[in-house]
Amino acid sequence: MRLVKMALEPKHRLVLQAGCQHPWPCFGKPAVIFHDRGKIFTSERARAVLVDRLGIITEQAPPYYPSAKGTVEALFRWMTQRFERRLPNTSHGIHDAEAAAKAGAMTLEELERYFYRAIVDDYQQSWDGLRRQIRTVLWEEAVRQTGVPHYLGAPDDLKLLLMKAQNRKAGSHAYRVHDRSRLSFQGHWYTCPGLLSRLSNRDFEIYYDRRDISVIYLFVEGSYVGEAYCQAFMGQRVSAWEAAAMRQHDREKAKAARAASASVRVHMHEAIAEAKKQRRRATRLREQGRQFDRQREEIHPAQVLSELEARLPPPPASVQLPAAKPDPEKAYPVQPLVIRYRDREPSP
């Protein structure tokens, strides 16, 4: 869908950002899209957007027949043979892993800028041996002869139209609002209280772009009704891949925390079991001693028992504190503070 959107929109902004020397006039609504058996082209969503909404004919290429897509295969060969090997800081031809890692230092923005410049200033301006003309000139001649229809709708409508739509395959095959104020989508909570409260117990579709899932767009019966925001992302741009990586990282951290807490619980249970054993052992020894003390009357005569009782150590003193006695009144000097009244304060 991003490729279709890029084909429909003018590319003047991309040319200026990339710093190209030539214009890129190739844009418009294609009449036919010749594609392979990829799910992105054969899905019901792609057919509804391309065929029903945009009026584009989709034609599937025969399997295992690459010569049917000769133009696309030629472009792929140009990318691998000329563009990839001539990139600055490339690691092509370097067989040392450490040297290749040092040479291949390039950000995604730099790669995208170089790719646009290569397409506009190199591929479009190169000679096409089959048609015997420069590719840009071939495009201009074809436009003058047959013309290219353009998309005349609003850019925002095109963005929403080409976004990915998804429905939950459960219940009534639609998303449901939880607690009349929040919506669950891909493991995250989205809120829009004024809108979601009205959509409670109703079926609706969710449109989103995988490059930024912090905002999702809600449609009811094909009509746009509003959007919902994820509070966990706090307005940041988070792609679907980054969100999946964050969830994986959180799961690993939660697993490590559960393992640590489980080991602590095991030690606590072991300590409790050991304390129970010691308490039972002490209770058993005290009971054994009490039983032996009861047998003294059977072992010794009365004179010896009285002598033994007299030799017992005195009982320990009580550990209770003495009764509290209040302090005498006016035992501590108290200095009253002066009260300042606001209405009596002198004005500055």
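**Figure 1. Asp209 and its salt bridge.** Asp209 is partly exposed because its relative accessible area is 23%, where partly exposed lies between buried (under 20%) and exposed (over 50%), with a 1.4 Å probe and protein chains only. Asp209 pairs with Arg211 in a salt bridge, their closest N and O atoms being 2.8 Å apart; the term requires a side-chain nitrogen of Lys or Arg within 4 Å of a carboxyl oxygen of Asp or Glu. Arg211 is also partly exposed, at 35%. The model is predicted: local features need pLDDT of at least 70 and side-chain atom pairs pLDDT 80 or more, while totals for chains, interfaces and linings use all residues. Residues are numbered from 1 along each chain as its sequence is written, and side-chain values use heavy atoms, without hydrogens and water.

Figure 2. Arg290 and Glu287 form a salt bridge with closest N and O atoms 2.6 Å apart. Both residues lie in α11, 3 residues apart, about one turn of the helix; helices are DSSP runs (H or I) of at least four residues, and strands (E) of at least two, numbered from the N terminus. Arg290 is partly exposed at 40% relative accessible area, and Glu287 is partly exposed at 35%.

**Figure 3. The salt bridge of Arg311 and Glu307.** In this pair, the closest N and O atoms are 3.3 Å apart. Arg311 counts as exposed, at 63% relative accessibility, whereas Glu307 is partly exposed, at 40%. Across the whole structure, a search finds 4 salt bridges.
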